[in-house]
2 protein chains.
Amino acid sequence: MAETMFETVKDRELPLAEQAAEQISQLIIERQLRHGEKLPNEFDLAQQLNVGRGTVREAVKLLVARNVLEIRRGRGTFVAQQTGVIHDPLGFAYMPDQLRLAHELLDIRLNMEPWVASLAARHATPEDVAELRTLCAEIEALIQAGENHLHRDEALHVRIARCTQNRVVPKLLPVITYSVQLFGRLNDERIYEETIRTHRQIVDAIDRRDPEGASEAMRIHLAGNQLSITEQEQLRDRQP
Amino acid sequence: MAETMFETVKDRELPLAEQAAEQISQLIIERQLRHGEKLPNEFDLAQQLNVGRGTVREAVKLLVARNVLEIRRGRGTFVAQQTGVIHDPLGFAYMPDQLRLAHELLDIRLNMEPWVASLAARHATPEDVAELRTLCAEIEALIQAGENHLHRDEALHVRIARCTQNRVVPKLLPVITYSVQLFGRLNDERIYEETIRTHRQIVDAIDRRDPEGASEAMRIHLAGNQLSITEQEQLRDRQP
C-alpha cells in the first residue's frame with residue numbers, strides 16, 4: 001500500500017478515529033477491495049495514516065460496527081460480506097406506533113414490489129425460477145407444520161428482487177420488508193392460506209414471463225396483508 | 001432504571017459489547033427515549049447489565065457508530081438525533097461501477113418518486129408548499145450563480161417526501177437520492193435548465209393539489225436525468 005494513498009488526517013474537525021475510519025473506507029473503495037480481502041496490520045495502517053495504533057484500533061471498531069470490516073481472531077482484519085450494509089439502517093425499531101409503521105411500510109411495498117415482480121418476470125432465468133419454487137415449497141411446509149415462516153417469506157421477496165438484475169433492489173427490499181417482522185404478530189389462519197396461494201401466483205407469472213400478471217399477483221398479495229393491518233388498527237382505535 | 005429491565009447478557013454467542021449494545025437499544029425502544037434524552041452513567045449501566053465498565057464503553061461506541069447515541073463531552077451520553085439512521089446504509093460507496101449504480105438508483109426513483117409526488121399533492125399543507133417554493137428558488141439562485149445546487153436539490157426531493165404524511169418515505173428517500181451525488185459529475189447546462197423548469201412543474205402541481213400532474217411532472221424530471229446517464233454510459237462503452 002503506497003503511503004500517498006492517505007493524506008495526513010489530523011487537520012479536520014471530526015474525531016481522529018472517525019477521520020481514520022473514513023480514510024480506510026476510501027482505501028477500500030479506491031482499491032475496489034472485496035469481501036474477504038485482508039487489510040494491512042494495525043502497525044502499518046498507523047504509520048500510513050500518521051496516527052497512533054490506538055486510533056487505528058478505534059477506527060477499525062467503527063468500521064466493524066458499520067459492517068465494512070470484520071475481525072477474524074488471530075488472522076487479521078478483512079473486508080466484510082455485504083460491505084457497509086447494516087440491519088435496520090433507518091432506525092425503524094426506534095419509531096413509535098409500530099402498527100402505523102407496518103401500514104406505512106406496506107404502502108411503500110404496494111408501490112414498489114409489483115414493479116419489482118414485473119421486472120423479475122422480464123429478467124428471471126430458469127435457475128431463478130427453480131429457486132423461487134423451492135422457497136415457495138419451504139414456506140408452505142413451514143405454515144403446514146405450524147412453524148414460523150416469516151424468515152423464509154422475506155427470503156422469497158428478496159429472491160424475487162434478485163431476479164430484476166438491478167443490484168440496488170435486493171439491497172433495498174430487506175429494509176422495507178422489515179414490516180414482515182411486525183406483521184408476524186398479526187397473522188391469522190386466513191392470511192396463511194392466502195399467502196400460500198398468492199405466492200404461487202406470483203411465481204407462476206414470473207415463470208411464464210408475464211410482467212403484468214406478476215405485478216398484479218404481487219399487488220393482490222400485499223393488499224391482503226394491508227387489509228389485515230387496517231383491521232388491526234381499527235380494532236385498536238375502537239378500544240377505550 | 002429498574003434492574004429487571006435487563007437480562008444477564010453473558011449467556012449468548014455475540015461478543016459481549018454487541019450484546020450490551022443490544023440491551024441498551026432495547027431500553028431506548030421500550031422506554032421510548034427520544035433525541036436528547038440522557039442515558040444512565042457508565043457505572044450504573046455496567047451494574048445493571050452485569051458487565052464491566054469497559055464493555056459498557058465498547059457498547060456505547062458501537063451505538064455511536066450506528067447513530068443511536070451521541071456523547072457530549074463532560075455532559076454524558078444521549079439519544080442521537082434521527083436515532084439509528086446512518087449515512088449510506090446500503091454501502092453504495094463500496095459498489096463497483098458507480099455509473100451503473102446511478103442508472104439503477106434512477107430506475108428505482110422513477111418507480112417511487114412519481115408516486116411520492118402524487119401523495120404529496122394529496123396531503124400537502126400551505127406551509128409545505130411555501131417551503132417547497134423557497135427550496136425551488138434557492139436551487140435556481142445557486143444554478144444561476146454557477147454554484148453547486150445538489151445538496152438543495154436533494155433537500156427538495158426529501159421535503160416533497162415529507163408532504164406524504166408517511167413517516168418512512170422521507171427516511172427512505174435520502175438513501176435512493178444518493179444518485180444525486182453521483183449524478184453531479186455528469187450534469188451539463190442543458191440539464192440545469194430542465195431541472196429548474198421541471199422542479200417548478202412538480203411544485204405547481206402539488207400546489208394545485210393535482211396528484212396525476214405531480215406524478216407526471218416528477219416522471220419527466222427524473223426521465224431527463226436517466227437519459228443523460230444513459231448517454232454517459234454509451235459514451236463510456238464506446239471508448240476503447
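Residues are numbered from 1 along each chain as its sequence is written, and chains are lettered from A in the order in which they are written. Because the model is predicted, local features need pLDDT of at least 70 and side-chain atom pairs count only at pLDDT 80 or more, whereas totals for chains, interfaces and linings use all residues; side-chain values use heavy atoms, with hydrogens and water left out.

**The interface**

Contact, meaning heavy atoms within 4.5 Å, involves 43 residues from chain B and 43 residues from chain A. Between them the two chains bury about 3,900 Å², with 63% of it on carbon and sulfur atoms; buried area here is the accessible area (1.4 Å probe) that two parts lose on being put together, summed over both. B:Leu90, B:Tyr94 and B:Arg167 supply 21% of the area that chain B buries against chain A, more than any other three residues.

There are 16 residue pairs in polar contact between chain B and chain A, both residues being at pLDDT 80 or more; a polar contact is a pair of N or O atoms within 3.5 Å, where within protein one must be able to donate a hydrogen and the other to accept it, and residues adjacent in sequence count only if both atoms are side-chain atoms. On the side of chain B that touches chain A, α1 (16–30), α3 (53–65), α4 (98–123) and α7 (169–176) of chain B each supply at least two residues, and α4(B) gives the largest share, nine residues. Helices are DSSP runs (H or I, at least four residues), numbered from the N terminus.

**Salt bridges**

A salt bridge is a side-chain nitrogen of Lys or Arg within 4 Å of a carboxyl oxygen of Asp or Glu. The whole structure holds 38 salt bridges over all chains, and four salt bridges are found across the interface of chain B and chain A. Several pairs are set out below.

| Pair | N to O distance |
|---|---|
| B:Glu58 and A:Lys61 | 3.1 Å |
| A:Arg109 and A:Glu113 | 2.4 Å |
| A:Arg236 and A:Asp237 | 3.3 Å |
| B:Arg236 and B:Asp237 | 3.4 Å |

A:Arg109 and A:Glu113 lie four residues apart in helix α4 (residues 98–123) of chain A, about one turn of the helix, and both are buried; buried means under 20% relative accessible area, exposed over 50%, and partly exposed in between (1.4 Å probe, protein chains only). A:Arg133, A:Asp204, A:Asp207 and A:Arg209 are linked in a network of salt bridges.

**B:Glu113 and the cores**

B:Glu113 lies in helix α4 of chain B and is buried, with a relative accessible area of 1%. Its side chain makes a polar contact of 2.4 Å with the side chain of B:Arg109 and another, of 2.6 Å, with that of B:His157. Leaving aside neighbours within four places in sequence, residues in contact with B:Glu113 include B:Leu173, B:Met218 and B:Leu222.

A nonpolar core is a set of buried Ala, Val, Leu, Ile, Met, Phe, Trp, Tyr and Cys residues joined through side-chain atoms within 4.5 Å. The largest has 93 residues, and A:Ile206 and B:Ile206 are those with the most contacts inside it. Beyond its neighbours within four places in sequence, A:Ile206 is in contact with residues including A:Ala117, A:Val129, A:Leu132 and A:Ile160. A second, separate core of 42 residues includes A:Ala46, B:Ala20, B:Ala21 and B:Val60.
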